[in-house]
Number of protein chains: 2
Amino acid sequence: MNILFKTFINYFSINQQLTEQTKAEICTHLSVLNLDKKHILIKENQYHDFAYFVIKGAVRSYYLKDGIEVNTWFAMENEMVGSLNNFKDKPSRETIELLENSTLIAINFKKIKPLMFTNIQIANFVNAIIEDYALFLEDKAFSSQMLSSMDRYVLLLDKEPKLFQRIPLTYIASYLGISRETLSRLRAK
Amino acid sequence: MNILFKTFINYFSINQQLTEQTKAEICTHLSVLNLDKKHILIKENQYHDFAYFVIKGAVRSYYLKDGIEVNTWFAMENEMVGSLNNFKDKPSRETIELLENSTLIAINFKKIKPLMFTNIQIANFVNAIIEDYALFLEDKAFSSQMLSSMDRYVLLLDKEPKLFQRIPLTYIASYLGISRETLSRLRAK
DNA sequence: TATTTCATTTGATATATGTCACAAAAATCA
DNA sequence: TGATTTTTGTGACATATATCAAATGAAATA
């Protein structure tokens with residue numbers, strides 16, 4: 001099996017042992033992509049059949065508010081990117097763009113989804129991915145409701161230091177929900 | 001089968017037909033509760049084995065920030081309440097309290113969870129609940145990042161008008177992330 | 001390397017919202 | 001019912017952050 005596929009599969013099968021057959025079945029719907037910076041993976045308001053797993057590189061997802069890009073997250077090594085809306089057969093809410101030349105695994109969930117009703121291992125595999133995402137969203141909601149701008153900045157710096165090495169502060173400010181000027185002033189302290 | 005159990009099960013099995021046997025298996029781990037206003041269902045920082053489905057009544061979930069309660073959501077008829085953290089064997093982040101005398105279904109997910117690895121229908125049933133929750137969280141993150149206080153208020157009023165009939169504005173303000181005075185002023189317009 | 005574009009910082013000002021204080025209204029309870 | 005508690009509304013003021021403007025610094029490109 002492709003070593004990169006293995007990385008992806010292992011990442012979301014800590015709770016259960018997958019048979020070789022199931023792994024092979026999942027792999028049928030995976031492919032490796034090497035894409036350049038600025039490539040658009042997923043477009044806002046469109047239907048897409050794929051989610052992605054970052055092997056190497058960085059991506060951001062954002063949507064437009066009154067013509068201004070609002071960044072919602074940055075994914076790097078060993079993180080999933082995609083739209084839950086797409087997974088539920090609805091148009092994507094966000095645009096997903098590469099911030100670096102990246103290696104990704106494309107996951108054809110349109111093909112994998114129906115297998116959830118026939119292969120119990122796949123059902124639990126997909127479930128692990130979605131649970132993971134829900135926990136991420138909970139954290140996000142928590143910090144946006146509970147914390148001041150300063151505290152959100154400090155928390156992000158603590159939990160995701162690599163963001164600050166690889167992602168422009170303008171994007172990070174937008175993610176934190178503050179203007180880039182305010183972020184700059186917070187950092188000065 | 002208990003008619004209330006049926007309501008709950010039907011609610012999360014639109015995507016698949018459950019066999020009578022599976023339904024019976026799920027029901028083994030359900031029970032109906034009638035509890036009074038102010039009862040605490042789940043306590044912050046504690047481990048709990050149950051999630052709940054509201055048949056009738058209203059609950060709120062909140063956590064403490066510097067001694068002040070920050071409301072994170074209000075559930076009413078046909079909504080789930082619980083802590084994803086508890087589901088993942090971690091202590092709850094929130095406290096969940098009844099706002100009205102309510103009828104609830106208690107779901108012993110500690111017992112149901114292992115069945116996900118042996119009963120594919122149950123795996124997909126639980127998955128439907130978690131997907132639902134993730135979509136709710138996405139909406140929440142979206143509106144908190146994209147919308148002004150005023151727009152969040154208008155959106156909530158439009159999508160959940162019954163909240164405003166049954167939940168004190170103080171709690172709603174806290175949920176919207178603004179002071180009760182500001183909400184009062186927004187409403188005056 | 002020089003030139004252009006993009007990212008970050010800093011200053012001045014405007015604005016939305018928080019905070020404190022108190023009054024009015026509504027709900028709850030004895 | 002009357003008394004007490006809770007909820008909501010309004011005013012005055014403080015403060016954090018947005019916005020606008022401009023300068024500096026860094027990175028990309030010819």
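How far does a backbone N or O atom of A:L169 lie from a phosphate oxygen of DNA strand C? The close-ups below come from a predicted model, in which local features need pLDDT of at least 70 and side-chain atom pairs count only at pLDDT 80 or more, while totals for chains, interfaces and linings use all residues. Residues are numbered from 1 along each chain as its sequence is written, chains are lettered from A in the order in which they are written, and side-chain values use heavy atoms, without hydrogens and water.

View 1. The backbone atom of A:L169 lies 2.8 Å from a phosphate oxygen, and a side-chain N or O atom of A:T170 is 2.7 Å from a phosphate oxygen of DNA strand C. The side chain of B:E181 instead places an N or O atom 3.1 Å from a base nitrogen.

**View 2. An open antiparallel sheet in chain A.** Four strands (DSSP runs, E, of at least two residues) stand in the order β2-β7-β4-β5, paired where DSSP finds at least two bridges between them. Because β2 (40-42) and β5 (68-75) each have a single partner strand, one side of each is left without a neighbour in the sheet. Between β2 and β7 (residues 95-98) there are two bridges, and A:I40 has A:E97 as its bridge partner.

Conventions. A polar contact is a pair of N or O atoms within 3.5 Å; within protein, one must be able to donate a hydrogen and the other to accept it, and residues adjacent in sequence count only if both atoms are side-chain atoms.
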